[in-house]
Amino acid sequence: MKEQFKLVATAAAGLEAVVGREIRERGIDCQVENGKVLFAGDVRTIIETNLWLRAADRIKIIVGQFPAKTFEDLFQGVFALDWENYLPLGAKFPISKAKCVKSTLHNEPSVQAISKKAVVKKLQKHYHRPEGVPLQEIGAEFKIEVSILKDQVTVMIDTSGDSLFKRGYRTEKGGAPIKENMAAAILQLSNWYPDKPLIDPTCGSGTFCIEAAMIGMKIAPGFNRQFAFEQWDWVDKNLVQQVRDEAEQMADYEADLDISGYDIDARMIDIAKKNAQEVGLADVIHFKQMRVQDLRTDKVNGVIISNPPYGERLLDSRQVDVLYQEMGQVFAPLTTWSKFILTSDEAFEQKYGSVADKKRKLYNGTLKVDLYQYFGQRVKRNIN
Ligand code: SAH
């Protein structure tokens, strides 16, 4: 069994730095690249990063890297890797993904087939099985991914299983939900801290509010789900339980939070409440049916995060124009509040009536969106 692994946390474009920051906050050195963050660690690191990273997509083990321009290079390169350290006899090991970019080898199904043959041959040799007799694949699953970029092959094993955005709390999601890890990333990009009020006035299924409450209470994002590595024989079940127990100890269910989610649609409020209940947060977040136009508050120094309908998605464009204009009017008096609005509408600022202090390009799935950021002016207390 291996002690140390080369690992990669994959991330949506624009969110790599947030993932990098989360990894460093866990005391792990890392290198941020396009769409991914590279780091190293042991089995505990694999368990902890899967359980705790809020903004990442998946955690993968890098089994090896080598150059290849021909199928023979590919076969020999995959064959040379130490598969015996990962795959027990009987394991399922689909080559679940092959991706070729700017490379001589570009036929992805063939890359999959050749890689599979190479792993099979290596295991047959290691476990002294006759060639020609297929290996039985009846045990735990190890999904292998092969990516070729500019003739450089990277071979990985996925440790997460379902993508990490699937926390397990979202029973229903409504029409246009934001991914949980993207919501968590935006909260971490914002200037919200758990001691500030937070409002999502277009909360839909409640994702921003639930993610914020989990951050505020230090609840591990993955506590409610399973991971691929939990099926693997070389991952000690006691260690997994220990890391889960430590996470449970870390959680601060008494944290004093002020988080509210509103939506015009009563059905969405029901869904948001149900989702919050899944995480045990039903009493923590105030969900209420309300139109954004009716938002008023006397509180100060809060944060509004909104992912309103976009033209393409939920409403017709005229309705969206009116809504953005009304949002601008309702938010304007809240001068001490910061506002973060995520939309694909490139004319948002014009409709909203104010130019953002900062804009950040992100992707909601494949849709390009911008996070428009307006920073509140802090209220100074009177010193008499
Ligand atoms: N981030 C949410 C999705 C938001 S979709 C999630 O993760 O689920 C936009 C939401 O805005 C929809 O739920 C829609 O009902 C709501 N909405 C549309 N017009 C509104 C208005 N005038 N006031 C409040 N909410 C509105």
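Predicted model: local features only at pLDDT ≥ 70, side-chain atom pairs only at ≥ 80, totals over all residues.

Modeller: Leaving aside its neighbours within four places in sequence, Met-250 is in contact with Trp-52 and Lys-218.

Biologist: In which helix is Met-250 found?

Modeller: The chain as a whole has 10 helices and 14 strands. Met-250 belongs to the run of residues 237–250, and that run is helix 7.

Biologist: Is Met-250 buried, partly exposed or exposed?

Modeller: A residue is called buried under 20% relative accessible area and exposed over 50%, with partly exposed in between. The relative accessible area of Met-250 is 45%, so this residue counts as partly exposed.

Biologist: What distance separates the C-alpha atoms of Met-250 and Tyr-86?

Modeller: Along the chain, Met-250 and Tyr-86 are 164 residues apart.

Biologist: Turning to the domains, what separates the centres of domain 1 and domain 2?

Modeller: Domain 1 covers 5–158, while domain 2 is made of two pieces, 180–217 and 252–374. When the centres of domain 1 and domain 2 are taken over C-alpha atoms, the separation between them is 37 Å.

Biologist: How much area do domain 1 and domain 2 bury between them, and which three residues of domain 1 supply more of its share than any other three?

Modeller: The two domains do touch, with 10 residues of domain 1 in contact with 12 residues of domain 2. Between them they bury about 970 Å², and 54% of this lies on carbon and sulfur atoms.

Biologist: How many residue pairs are in polar contact between domain 1 and domain 2?

Modeller: On the side of domain 1 that touches domain 2, the residues divide by class into 5 nonpolar, 1 polar and 4 charged. The count of salt bridges between domain 1 and domain 2 is 0. For residue pairs in polar contact, with both residues at pLDDT 80 or more, the count between these domains is 4.

Biologist: Finally, what share of the contacts with a separation of 6 or more comes from residues 24 or more positions apart?

Modeller: The chain has 384 residues, of which 52% count as buried, and its C-alpha trace spans about 80 × 45 × 40 Å along its principal axes. Among contacts in the chain with a separation of 6 or more, the share from residues 24 or more positions apart is 75%.

Notes: Residues numbered from 1 in each chain as written. Heavy atoms only, no water. Helix = DSSP H or I, 4+ residues; strand = E, 2+ residues; numbered from the N terminus. Buried < 20%, exposed > 50% of the residue type's maximum accessible area, 1.4 Å probe, protein only. Contact = heavy atoms within 4.5 Å. Domains from an automatic or database assignment. Buried area = accessible area lost by both parts, 1.4 Å probe. Salt bridge = Lys/Arg side-chain N within 4 Å of Asp/Glu carboxyl O. Polar contact = N/O pair within 3.5 Å; in protein donor to acceptor, adjacent residues only side chain to side chain. Nonpolar A, V, L, I, M, F, W, Y, C, P; charged D, E, K, R; others polar.
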